[in-house]
There are 6 protein chains.
Amino acid sequence: MMRLPVETDLSKLDACFVGVPFDLGTSNRTGTRAGPRQIRSESVMLRPYNVATRAAPFERMRVGDYGDIPINPYNLLDSIAIIEAAYDRILAADCRPVTLGGDHTIVLPILRAMHRKHGKVGLVHVDAHADVNDTMFGEKIAHGTPFRRAVEEGLLDCDRVVQIGLRGTGYSAEEYDWGRAQGFQVVQAEECWHRSLQPLMQGVKARLGDGPVYLSFDIDGLDPAYAPGTGTPEIGGLTVPQGLEIIRGLSGVNLVGGDVVEVSPPFDPFGTTALLAANLAFEILCIISESA
Amino acid sequence: MMRLPVETDLSKLDACFVGVPFDLGTSNRTGTRAGPRQIRSESVMLRPYNVATRAAPFERMRVGDYGDIPINPYNLLDSIAIIEAAYDRILAADCRPVTLGGDHTIVLPILRAMHRKHGKVGLVHVDAHADVNDTMFGEKIAHGTPFRRAVEEGLLDCDRVVQIGLRGTGYSAEEYDWGRAQGFQVVQAEECWHRSLQPLMQGVKARLGDGPVYLSFDIDGLDPAYAPGTGTPEIGGLTVPQGLEIIRGLSGVNLVGGDVVEVSPPFDPFGTTALLAANLAFEILCIISESA
Amino acid sequence: MMRLPVETDLSKLDACFVGVPFDLGTSNRTGTRAGPRQIRSESVMLRPYNVATRAAPFERMRVGDYGDIPINPYNLLDSIAIIEAAYDRILAADCRPVTLGGDHTIVLPILRAMHRKHGKVGLVHVDAHADVNDTMFGEKIAHGTPFRRAVEEGLLDCDRVVQIGLRGTGYSAEEYDWGRAQGFQVVQAEECWHRSLQPLMQGVKARLGDGPVYLSFDIDGLDPAYAPGTGTPEIGGLTVPQGLEIIRGLSGVNLVGGDVVEVSPPFDPFGTTALLAANLAFEILCIISESA
Amino acid sequence: MMRLPVETDLSKLDACFVGVPFDLGTSNRTGTRAGPRQIRSESVMLRPYNVATRAAPFERMRVGDYGDIPINPYNLLDSIAIIEAAYDRILAADCRPVTLGGDHTIVLPILRAMHRKHGKVGLVHVDAHADVNDTMFGEKIAHGTPFRRAVEEGLLDCDRVVQIGLRGTGYSAEEYDWGRAQGFQVVQAEECWHRSLQPLMQGVKARLGDGPVYLSFDIDGLDPAYAPGTGTPEIGGLTVPQGLEIIRGLSGVNLVGGDVVEVSPPFDPFGTTALLAANLAFEILCIISESA
Amino acid sequence: MMRLPVETDLSKLDACFVGVPFDLGTSNRTGTRAGPRQIRSESVMLRPYNVATRAAPFERMRVGDYGDIPINPYNLLDSIAIIEAAYDRILAADCRPVTLGGDHTIVLPILRAMHRKHGKVGLVHVDAHADVNDTMFGEKIAHGTPFRRAVEEGLLDCDRVVQIGLRGTGYSAEEYDWGRAQGFQVVQAEECWHRSLQPLMQGVKARLGDGPVYLSFDIDGLDPAYAPGTGTPEIGGLTVPQGLEIIRGLSGVNLVGGDVVEVSPPFDPFGTTALLAANLAFEILCIISESA
Amino acid sequence: MMRLPVETDLSKLDACFVGVPFDLGTSNRTGTRAGPRQIRSESVMLRPYNVATRAAPFERMRVGDYGDIPINPYNLLDSIAIIEAAYDRILAADCRPVTLGGDHTIVLPILRAMHRKHGKVGLVHVDAHADVNDTMFGEKIAHGTPFRRAVEEGLLDCDRVVQIGLRGTGYSAEEYDWGRAQGFQVVQAEECWHRSLQPLMQGVKARLGDGPVYLSFDIDGLDPAYAPGTGTPEIGGLTVPQGLEIIRGLSGVNLVGGDVVEVSPPFDPFGTTALLAANLAFEILCIISESA
């Protein structure tokens, strides 16, 4: 990632990029297992400074690429356990991970490890979908259920959870009400159209407070015009400037980790979406570096 | 469409999707005859509820897919007659059609049938082009002339006609003045840039009043960044949120039918545009279902 | 270009399109040498009037396509000299050139010729990158250095230079400060998000005054959603409406020439970016025609 | 498939097309779960007669499309059981299945059902890979192991097994010797280059004799020039004429079923590979129809 | 074409390239109207000598590009008349045309003009399809009927007609027998597999004798691996070497004209098929130049 | 490459892969500078054993990836010098290089280094083009001239030079005669059609004898159906089996190095050509390993 060397000695790292080539939780179009590889490949076009925010993360922290988590491509539950154990190791070393997905299922084992390390965490969740289904095809663990499970397992501080960008057709007309009932702030995409999200993020920061916060950025939160390479695109999404405002709006928050998920290279052979994801991952790193 | 069964018994339907695989009226790049097939194929990703508006059209109405109109691919005028007869049948059964095009020529026979059923109709026309040429290559019937013909044939209530999104280069600098002279409200794309169209649609609704209204949505009204799969793309177009605001802004209007036309699959192999069109067609259905 | 005949007798032309199939100054992904060919190919879809501004350039001026400059594909410096000599000839004939690139290096020889003809010129520079590096890979002449060289060579009236759209990661956090120190107005992309650029352009026009102005439009100034076909895309860019507002906002300025550069066809097989560039070049011509 | 209606009443069918949208056994690039959908979509271009062989399968048999097997996308072993049960039902009705994959794992449950119905079967296996690994990532059931399992479970009459088209790099230099040790005839791709396979197929038919035979056709047995849409392409493969010679060369054999697997639409947006697969499935049906 | 200037003064030409941007006779996937433009665009990579045959057509003849025939895109029959009149003019000037299609319907008006000039002509017809249907969708003139019409109108010397490359599925099992009954030599693709066509062409030349011969080369005669950009691809086709052997095998024949048809750019964005077609058109020109 | 670690300590290597991201010698379509990166990316699908030949190069030799040569992207001659110096270092360490190009110009500095190390070398040159032009655009060093220069500089043992696969249009009808006059064996593509090249390679091996031999494999020697991702495709090329027969046919030859050049990723977004090139590079390594 960003031409960084692979570094598996976690004691040498304050933060790291981690790839999770996992798409076993996908209901429809597979392909995100190749996400980490394509994001890394496109990231060679990035340079080390953030000119907009003047952040210089590599000067403030020791950052490396931890490589890919070796998932079992034939067994969803086994893979989830492998991911969970890997993040336990990363967090035990006080290294803050920026994850490159993979489908959204992977946020569940990451949040489990986050909870073990930090207790209940706040969450900023950018996505087209709420991902709070009870089951998919009768299964409890899938890319449409992780935040339901996270609530049930007590991993989240529900009053400090914000979902941004939700939209599209649904299995019921009340699809976002469950989250609201848990205490989530749910910001539908329609509320974001045609405007800067800086005012929104002021409120979000107030809500998040000083506790640990995790950022989960599903690339399909953005509009397909910007991010065609994903498995479940939904029209009417956020713009890239809005996506950047969300991340940059977390400046000052205690960000303990983040991810960019659901990048699916087969649907974007020229890598537009992967380049976008690489930039978003870098922006997340910039925020993390503030507290380093 | 949307995994609905094909249903040709119109007495069982309050509304229907209809495909018109016709591109004989195209001046430049053909391909829209494959539009209905690709839109249906992408529509399998849609779910039955509109979470933004909480519409549940399939609970309010009996909806089916009427299949494709069997046009004659070698004869434009013969095909126009076939389309006209088919819509006469559909409307005679009090079934409201949501049409999947096909090039924009097809709106002429549809409007003829609409007029026969409802008398003069109001029109909301989203498009990059005014489509009011007198002739193209010397011919009266083509995808750039349907609204000129519709006015001449007395199908439209011209004071209740709105054209939104017009732009681009033209054959004369005064290309939109003809429509204005007929009484049309012409909203050029430039007037829409950087803003919500909700205020505009308030005025449009007032203009449309209580009479029957038809919605014709040319996908090239939207910007090529969102809808690359079309034959005559024009830069500087509407955004998808604006397109949705136009359709949703018709809530309360007596919408007697609608179409999404000019989707050209060969120029969009990954189906981005067709998925967008499928969503727009569903949104039109949601509005129609209000009055069911 | 726009189905115009090739015309090499400059005495018959008030303005011309010129192709510069040059990509030897490119650091990363080559391909812009095919830009002129693809832009011309897509431009067949353009019509001769600007309906938005009611400009009719072909009625006001004699316009032709001067063809391509015969660069030496194996020698950067030799090619630069060939380009410079060609523009000396064009300008000597009082013909105003609208250039189709090619990478951004070509603006240096063009500005040299402009300076020889007009003295110091003002500059409107739309781009994701400042292009004011001192060297690239140790070389002075490359697509990231032309405006540094132009300042050093005294070609620009630095108080009348505006850069719009700059953004992305950089080699230092202060990457845009050099230009500001020269007197440039630097407008970062973030300042443009979510808004019309008409107010900005009011100020820009005041700054530019009555003197000669050159417009250099790097297609990567626009967001990759609109312009994927370029070598160094950066997320978070200008929208096409903003790009049009910049050009149209120069109405009344003494525009002595302009270019659209960095269109790279291999990364955009369907020609979306080239069609956009063709439109931008036409819009530049419309502004030039005002003073003809 | 081939515009056939879906027919789930097996008593009305002598043969059927079956889709198995399963890619959970894939080690590298997923995507074959969309194979059945794209193959059906492309098959609309097929007509009902085989002009080369003068076969008329729809006149000789009752053929329908049985639709897709409803696999569980989150659980490999559960899906295998679902597939196996479905084929038990199909075969119990004396209906001969032509299967559209899906990855190659699915041949294991199909062969189990075949064995239950017919006893040990002969096998013609066209593929780039032997698919006789003991395990993949430690798992026994995956797309590289089905024929190892089939041998271990006693499903195959090993002296009547032929593998054609094997090639590529391997995990050991002796990768094909295991099959030979079981009695398989292994025909490496190199033996097929530059020649007709009609002589080969004479020998194969003699070997297969009168007993029941299953044909499993992995599309990657063909060269990537013909079949780019697959997850594990290998250079130097069979040509399409050779592939047709293999299928047509089974004329007279007691073919009890067949499949075309490993078609991966994301890697072939224009559907070249799916159209090829649709043709191969039709050719298999033609052979099956001989004994109907 | 091949960077030749457009030349409409037929008296200056011994042979010419002609574009016919017509696809109104297409039953399924339109797009061939853009064929001439893409073939010309790709032909810039060709050089003027045939190194294999040492032919130098531009030294032996005056060759130009006659441009495109201005068809009426809304009226099939009117366009056919326009084409016929144009070829009458070309042939009246003793100029031998090499036509760039367009769909295969266009060969009918060309053959009518050929017959008017030369009397009955021999024909070499390379294609996947016999194109001898009586009607398509009830129409007599379409891209699947031209040779039926040509026989009925007495344009062909049926004993000097050869069809090569026929294959695929059909509407009846006896689809090629009609042609044979007229006296055609029909060479199915299967007869061509794995071998040089030089021996075949020896016999073809003997059959053609000294009379005038027309060559009609449908690009779908070649396999989709070589020519994906066409509307009705069929697997198992001829190879490019075989295609070249057919054309070069006509050396010594009195070739009065030829065409390359059914190139459909939307299905081949990188222009592979158009480059192939440009080469075939050049090879046809080389044969024509022998008798100049 | 092939997941090998980068190893820059040449003393640890008997053979190495080397990338040369250079396309400054390209006359037409640039893009090959990205070749090494895409070839490495696709090579992750390769496994370490050659099942066809049972070669096990990693067991016989120490092999590493030496990384990319740091060329100067703005200066052709400077880059040539950098490449030459790098190969001097590689060869001085008795390490045999397998080079991933890059355009064909790079073979000149490689041959210079080879000559310095080994004296005059024999050459097997697979290509569509002879690459023996005297100049291109007036320049001596370009991708169409390297073998002319190599002969002039006395680097080659001309009686032990074989060119295979030459074809296409040319600047003169006698384009291949210069090489023949130097003593080269020139095998035009037409001589290769429809047949195994094993007999040819018997003769080639006899000609090459025991002296040092270099293999230069331009991917455009193969047909565009197999290798679309290249800048100057020519129809009628070699098949992949023939390409493999050429390389494998060098078994027993004293192969001192080899390259695969002219892979241009922009023209092959799915990486088909790069995967092919990765396999060819591996096959070259297998031959080199015989003499290790």
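**Note on the interface of chain A and chain B**

1. Across the interface of chain A and chain B, the rule finds 3 salt bridges, each being a side-chain nitrogen of Lys or Arg within 4 Å of a carboxyl oxygen of Asp or Glu. A:Glu190 forms a salt bridge with B:Arg248, with the closest N and O atoms 3.0 Å apart.

2. This is a predicted model, in which local features need pLDDT of at least 70 and side-chain atom pairs count only at pLDDT 80 or more, while totals for chains, interfaces and linings use all residues. Side-chain values use heavy atoms, with hydrogens and water left out, residues are numbered from 1 along each chain as its sequence is written, and chains are lettered from A in the order in which they are written.

3. The contact (heavy atoms within 4.5 Å) takes 29 residues from chain A and 25 residues from chain B. Between them the two chains bury about 2300 Å², 63% of it on carbon and sulfur atoms, buried area being the accessible area (1.4 Å probe) that two parts lose on being put together, summed over both. In chain A, the residues that lose the most area to chain B are A:Thr169, A:His194 and A:Ile235, together 29% of what that side buries.

4. Strand β7(A) pairs with strand β2 (residues 49–50) of chain B in the antiparallel sense over 2 bridges, where strands are DSSP runs (E, at least two residues) numbered from the N terminus and pairing requires that DSSP finds at least two bridges between them. Within this pairing, A:Gly170 stands opposite B:Tyr49 in β2(B).

Key. Helix = DSSP H or I, 4+ residues; strand = E, 2+ residues; numbered from the N terminus.
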